[in-house]
Every structure is written in C-alpha cells, then in structure tokens.
Amino acid sequence: MSVNLKQLAEALGISQTTVSRALNGFPEVSEKTRRKVLDMAQQLNYSPSPHAKKLATGKSKTIGHVVPQSDHMMINPLFSDFIAGAGETYSQAGYDMLMSVVTPEQEEKTYYKLIASKRVDGMMVHAPLIGDTRIALLQKLAMPFVVHGRSADEDDSYSWLDVNNRRSFQRATRFLLDLGHRRIALLNGLESMTFAQRRRIGYQEALQEYGVEPDESIMFAEDMMEPYGYRRTKEMLALVRRPTAILCSSILPAMGALRAIQEAGLEVGRDISIVTHDDMLTFLSNSGEIPMFTALRSSIKAAGRRCAEMLIAAIENPNHEPVHELWETELVIGNSTGPAREQP
C-alpha cells in the first residue's frame, strides 16, 4: 500500500512543501534532508499524484486549445483528425489537453485568463486569419505556442507548420489545364483564413500562365461542408457554359459536388472532372488502388502529431529557436478526372 504526499510529510515531521521540493530536486533543499526524504519515500512506497507533481514543478503539463464557436471548426473531420493526432502526442509525453470553445468576442479574453491562471504551459493556434491578432498577443504574453498554418509568409518569429497551399492549387490547376480544361470552378474555404487565400492565388496564377482569364462567377468561398459543394455545383450545372472541372478545398464539398453531378445524370471524370484537397481523413478516406477522387494528399492527423511535438519541445526548452515546416502535398490520380469534353 502506498502513501500520499501528506502522509509522507507527517511521517517525516516536515512540511509538504519541503518534501515536495526534495523529491523534485530543488537546489535549496540540503542534501541531508533530500536523502532522508528519498529514503522514507522508498520505505513507505510513496506514489506521487499527477496533481502534486504539477504543483511541485510549477508546470500544469497541459496544452491549451481555444476554439471559436463555428461549424467549420467543431464539426469538421479535418479538425477532429488534427486533435486526434495532437492528443496522441500529448498523452505519450504526459501532457493533458484543455479545449475552450468560446464565442469570437471571448477569444482574446480567454487567452489572457488561461495564461494568467497558469492552467496551461503552451497554446496551439488553429486556422490563422489574415491579420491574425492572436500571434502578437501570445508573443506579448511570452507563452510558448505553435500555429497550424501561417499568418504571413515573411514572419518567421514564431513556430508554425503549414501545407504549401499556393503551390498545391497551382499544381492541381495546371494538371486540369493540361487535360484541356479551361472552365475550372473553385470551391474554396473561407477566404478570411490564410490557407484559402493562398489556394485562390495558386489557382489564379496557373490560369493566367495558360492565358485563361479567371471567372469570378465560378469561384466560391464558404465553410467546407458537403451541402456547400452540392448547392454551388447544382447552380453551375444550370449555367449556359457550365464548368468542365471543379477544384475543391476539401473532400466534403467534393462529395457534395459529386452528388449534384450524379443527380444531373452526368458522370464524374467523363463529363465533369473533380480534384480535391484534404482527402486523407480517418473516417472518410479516399483510398483504394485507384481512389474515387484525384486528390492533393496530406495527412491532417500527421500534422497534428508534429505540431504537438513542436509545441512540447518549445515548452521544455524555453530558449528553443522557432521551427518552420512547409509540407508539400502529393497529387494522387483517381477516377474523378479525365480530358475535357466539348459541351453539347
């Protein structure tokens, strides 16, 4: 049978604070007292509680995630996969995760509150916005943090991991252009976020390289959900000159686009091509020897694991230099693309 910190201190006749400091190697405890405490701890089979250990070290061993209340975050499998990957790494390193779901108005106040109360040792920043204020705030508060994404290309003052969204969408658009497509629609994510802005830039650059004028009437930016893909594709199929290809920011709107195309009696890959990003999801995998969708593949779960590793390293090594990782996607050819066909 083991004893707790209070019982160990009572057996020794010294304060719990001194016992805790001796057990955790604080230099102000004499070697004689430390030896006495360690010997008694072994004799009484002392087992420290995680809570007591956190108090003794002054560390919460907790990572904070502040998530604004919005459908595109909380019910999106992309977010779930990232959290699953990060959670695995936290657990292996002995860290807990504290998630605060707040209104946008409460977001900044929540950062202050979590940091002031010392409830977290570090913060994970999701979905950076154009002109994001969270990065400057966390730098000002001297809180270790990692950004999944980037706010600005030229700012390397903080640690981030991002996918090369601009190059990915440039490459995908070129792929469709090389198949003869000239009416290529874009179903983008919310363009208040930097990843979506970069994807639009890459798409437009490729069109301009091939002498194709971007058409705003077939370019959309909304929450990356299945109904969005369905609704916008149905609208475009009613146009006199419908698109011959659609580039999607996620497999969710791609599934909606597929549904609309099939309802119209058309065939994906023959009548209309689809290329999607983010197809490597735990619960919605675009797998098989020949996948259903041609896709720009990158594991969001692996990104979660790596971001967590980077953040733990920053917490445990305060003088750690910022780390920057830009991941490239893999273009996987599936059944959803083919040469452009003349419309009747």
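**Close-up 1. Packing of helix H6 against helix H13 in the predicted model.** The axes of H6 (residues 77–92) and H13 (residues 300–316) lie 7 Å apart and form an angle of about 45°. The two helices are therefore oblique to each other, and the crossing of H6 and H13 is right-handed. On the H6 side, the contact comprises Leu 78, Asp 81, Phe 82, Ala 84, Gly 85, Ala 86, Glu 88, Thr 89 and Tyr 90. These residues meet Ile 300, Lys 301, Ala 303, Gly 304, Arg 305, Cys 307, Ala 308, Glu 309, Leu 311 and Ile 312 of H13. Classified by residue type, the contact of H6 with H13 contains eleven nonpolar, three polar and five charged residues.

**Close-up 2. The aromatic pair of Phe 145 and Tyr 158.** The count comes to one aromatic pair. The ring centres of Phe 145 and Tyr 158 are 6.1 Å apart and the ring planes meet at 25°; because planes under 30 degrees apart count as stacked, the pair is stacked. Phe 145 belongs to strand E4 (residues 145–148), whereas Tyr 158 is in the loop between E4 and strand E5 (159–163), so the pair ties together parts that are 13 residues apart in sequence. Phe 145 and Tyr 158 are both buried.

**Close-up 3. Packing of helix H1 against helix H2.** H1 (residues 5–12) and H2 (residues 16–23) pack with their axes 9 Å apart, at an angle of about 105°. The helices H1 and H2 are therefore roughly perpendicular to each other. Leu 5, Lys 6, Leu 8, Ala 9 and Leu 12 of H1 make the contact with Gln 16, Val 19, Ser 20 and Leu 23 of H2. Six nonpolar residues, two polar residues and one charged residue make up the contact of H1 with H2.

Notes. Residues numbered from 1 in each chain as written. Predicted model: local features only at pLDDT ≥ 70, side-chain atom pairs only at ≥ 80, totals over all residues. Heavy atoms only, no water. Axes fitted to C-alpha atoms, helices over the stretch in contact; angles between N-to-C directions. Helix = DSSP H or I, 4+ residues; strand = E, 2+ residues; numbered from the N terminus. Parallel < 35°, antiparallel > 145°, perpendicular 65-115°, else oblique. Left-handed = near helix turned anticlockwise from the far one by under 90°. Contact = heavy atoms within 4.5 Å. Nonpolar A, V, L, I, M, F, W, Y, C, P; charged D, E, K, R; others polar. Phe/Tyr/Trp six-rings, centres within 6.5 Å; stacked < 30°, edge-to-face > 60°. Buried < 20%, exposed > 50% of the residue type's maximum accessible area, 1.4 Å probe, protein only.
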